[in-house]
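Dear colleague,

I am passing on the structure we spoke of, and below it I have set out what was found in it. Please read the notes with the structure open beside them.

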Amino acid sequence: MGLARMLEHRLEQLVDGLSAAIFRGGIHPVDLAGRVVRQADLVVFEGELGLEIPNDFTLRLHPDDLAAAIDIDALEAELTNALAQTAAERGWRTGGPPTVTVITDNRVTPGAPQCESGSQPGPITPWGYLIALRGGGFHELGDNRLLVGRGPDCDVVINDPETSRRHARIVRRAGGIWVADAGSANGTTANGSKVGRQPHRVGAGDHLVFGSAAYSLRMS
């Protein structure tokens with residue numbers, strides 16, 4: 001079952017007692033997710049680490065477009081999940097936790113939901129971890145594009161003199177994870193093999209070394 005059909009099925013289950021899962025205004029639940037994704041497509045931009053989008057989306061609908069039995073909290077959760085899955089599939093950096101809020105507004109034309117977006121930085125639920133192989137400790141991997149290094153502006157800050165201030169990049173995209181060196185002084189390796197500026201695919205259990213700081217990649 002494809003992502004769109006899985007999402008459609010889950011959204012249909014939110015509408016209690018409506019066998020066709022159609023909102024009163026004729027808007028299908030999966031259309032709302034499509035509207036959010038289209039808005040993300042409109043506002044995606046090229047950031048320092050690659051493609052980025054705002055993380056906070058607001059969907060405005062006319063009250064007649066929502067069935068009385070709909071669970072708004074559950075709908076927001078499913079739309080948020082759809083946005084997060086799309087961002088992960090396309091490798092979009094979000095800079096904060098993906099969030100979709102649904103608001104009813106009489107000023108909106110029935111059957112024509114509006115969507116707007118903005119940025120609200122904050123912690124992101126990690127999809128993986130870098131587990132230190134020496135000395136203990138770990139780093140959370142939350143965003144889909146991450147900068148690794150000694151500098152305080154990095155997403156993953158490694159306090160090791162052999163690690164460059166901006167050492168490497170980690171990207172999660174299309175169901176895979178890639179690591180690329182960012183021009184570091186002491187290099188990056190994956191399972192003992194040197195990693196250059198071209199992305200190198202890695203997976204759970206692989207050993208990554210940034211300078212002399214060694215880690216094992218673990219998935220959530």
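Since the pocket comes up first, a word on the term: a pocket here is an open set of grid points, on a 1 Å grid over the protein atoms alone, with protein on both sides within 12 Å along at least five of seven lines, and a residue counts as lining when it has an atom within 4 Å of a point. Please also keep in mind throughout that this is a predicted model.

With that in hand, the largest pocket holds about 350 Å³ of space, and its lining is made up of 21 residues, among which A84, Q85, A88, N144 and R172 lie nearest the centre. The elements that give two or more residues to this lining are helix 3 (72–90), strand 10 (168–173) and strand 11 (176–181), and of the elements it is helix 3 that gives the most, with 5 residues.

Turning to the protein chain as a whole, its secondary structure comes to 3 helices and 16 strands, and 47% of its 220 residues count as buried. Where residues at least 6 apart in sequence are in contact, 57% of those contacts join residues at least 24 apart. The accessible surface of the protein chain comes to about 10,800 Å², and carbon and sulfur atoms account for 49% of that area.

Two residues deserve a look at the backbone. A174, in the loop between strand 10 and strand 11, has a phi near 50 degrees, which is a positive value in a residue other than glycine. N191, in the loop between strand 12 (188–190) and strand 13 (193–195), likewise has a positive phi, near 55 degrees, and is also a residue other than glycine.

Are these two residues buried, exposed or partly exposed? Buried means under 20% relative accessible area and exposed means over 50%, with partly exposed in between. A174 has 37% relative accessibility and therefore counts as partly exposed, and N191, because its relative accessibility is 46%, counts as partly exposed too.

With best wishes

Note on methods:
Residues numbered from 1 in each chain as written. Predicted model: local features only at pLDDT ≥ 70, side-chain atom pairs only at ≥ 80, totals over all residues. Heavy atoms only, no water. 1 Å grid on protein atoms, 1.4 Å probe; cavity = no way out; pocket = protein on both sides within 12 Å on 5 of 7 lines; lining within 4 Å. Points joined across faces, edges and corners; volume = space filled by probe spheres on them. Helix = DSSP H or I, 4+ residues; strand = E, 2+ residues; numbered from the N terminus. Buried < 20%, exposed > 50% of the residue type's maximum accessible area, 1.4 Å probe, protein only. Contact = heavy atoms within 4.5 Å. Areas by Shrake-Rupley, 256 points an atom, 1.4 Å probe, with all protein chains shown as cover.
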